[in-house]
Amino acid sequence: MSNGIALVIESMVAILLLLTIGYCIVLNSRLKMLKADEQALKATISELITATEIAERAIAGLKLTVRDCDLSLGERLRSAEELSAEIGGQLDDGKAVLERLTRIALAARPAGAALAPVGNATGPDVQAIAEAAQAFAARSRLRTPGLAA
């Protein structure tokens with residue numbers, strides 16, 4: 001009887017050993033799949049790190065470009081404002097000169113000629129004086145550097 005019990009125990013040990021070996025084979029295949037997935041994951045992470053570095057460099061380049069554009073645009077805007085103010089001043093000066101010329105022309109007219117039509121032969125032609133003043137102002141603008149743009 002003791003041989004029978006020993007045989008049963010050894011058979012159970014052998015079966016458990018076979019089950020353990022089978023389970024080890026299954027675990028080994030799963031570990032191989034995990035290792036393969038780990039390698040793929042490492043490759044993906046490496047690609048993401050590279051893409052992130054490229055994006056960071058591109059963002060830094062864009063920031064530099066934006067700063068340069070901002071500086072350039074700001075300088076152009078300041079220049080345009082200065083030019084606009086200068087042109088406005090010159091227009092005001094031209095209007096003042098034209099008004100003075102008109103007053104001079106009207107003052108130089110005889111008292112009876114003030115009601116005469118423009119362009120008569122008795123006195124200076126106010127319209128012609130105004131046109132001459134405008135032509136003079138236009139020529140002086142063309143000669144002034146920076147305004148002939």
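Trainee: What makes Glu99 and Arg103 a salt bridge?

Mentor: Good place to start! In this predicted model, the closest N and O atoms of Glu99 and Arg103 are 3.5 Å apart. The cut-off is 4 Å between a side-chain nitrogen of Lys or Arg and a carboxyl oxygen of Asp or Glu. The value of 3.5 Å is within 4 Å, so the pair counts as a salt bridge.

Trainee: Why are Glu99 and Arg103 said to be about one helical turn apart?

Mentor: Because they are four residues apart in helix H1, which separates them by about one helical turn.

Trainee: What makes Glu75 and Arg78 a salt bridge as well?

Mentor: Their side chains meet at 3.3 Å, N to O, and the limit is 4 Å, so this pair qualifies too. Both residues lie in helix H1, three residues apart, about one turn of the helix.

Trainee: Why is Glu75 called partly exposed?

Mentor: Buried means under 20% and exposed means over 50%, with partly exposed in between. Glu75 has 46% relative accessibility, so Glu75 counts as partly exposed. Arg78 is partly exposed too, because its relative accessible area is 46%.

Trainee: How do you know that Arg67 and Asp68 form a salt bridge?

Mentor: Their closest N and O atoms are 3.9 Å apart. That is still within 4 Å, so the pair passes. Asp68 has 44% relative accessibility and therefore counts as partly exposed.

Trainee: Now to the cysteines. How many disulfides are there?

Mentor: The count comes to zero disulfides.

Trainee: Are Cys24 and Cys69 buried, exposed or partly exposed?

Mentor: Cys24 is at 44% relative accessibility, so Cys24 counts as partly exposed. Cys69, at 47%, counts as partly exposed as well.

Trainee: And how much of the protein is buried?

Mentor: Of the 149 residues, 6% count as buried.

Trainee: Which helices supply the lining of the largest pocket?

Mentor: Helix H1 (2-108) and helix H2 (126-143) each supply at least two residues. H1 gives the most, with eight residues. The lining has 15 residues, with Gln90, Gly94, Lys95, Ala137 and Arg141 nearest the centre of the pocket.

Trainee: What classes of residue make up that lining?

Mentor: Seven nonpolar, five polar and three charged residues. The space in this pocket comes to about 370 Å³.

Notes: Residues are numbered from 1 along each chain as its sequence is written. This is a predicted model: local features need pLDDT of at least 70, side-chain atom pairs count only at pLDDT 80 or more; totals for chains, interfaces and linings use all residues. Side-chain values use heavy atoms; hydrogens and water are left out. Buried means under 20% relative accessible area, exposed over 50%, partly exposed in between (1.4 Å probe, protein chains only). A disulfide is a pair of cysteine sulfur atoms within 2.5 Å. On a 1 Å grid over the protein atoms alone, a cavity is a set of points where a 1.4 Å probe fits but cannot get out, and a pocket is an open set with protein on both sides within 12 Å along at least five of seven lines; lining residues have an atom within 4 Å of a point. Grid points are joined across faces, edges and corners, and a volume is the space filled by probe spheres set on the points. Ala, Val, Leu, Ile, Met, Phe, Trp, Tyr, Cys and Pro count as nonpolar, Asp, Glu, Lys and Arg as charged, and the others, Gly among them, as polar.
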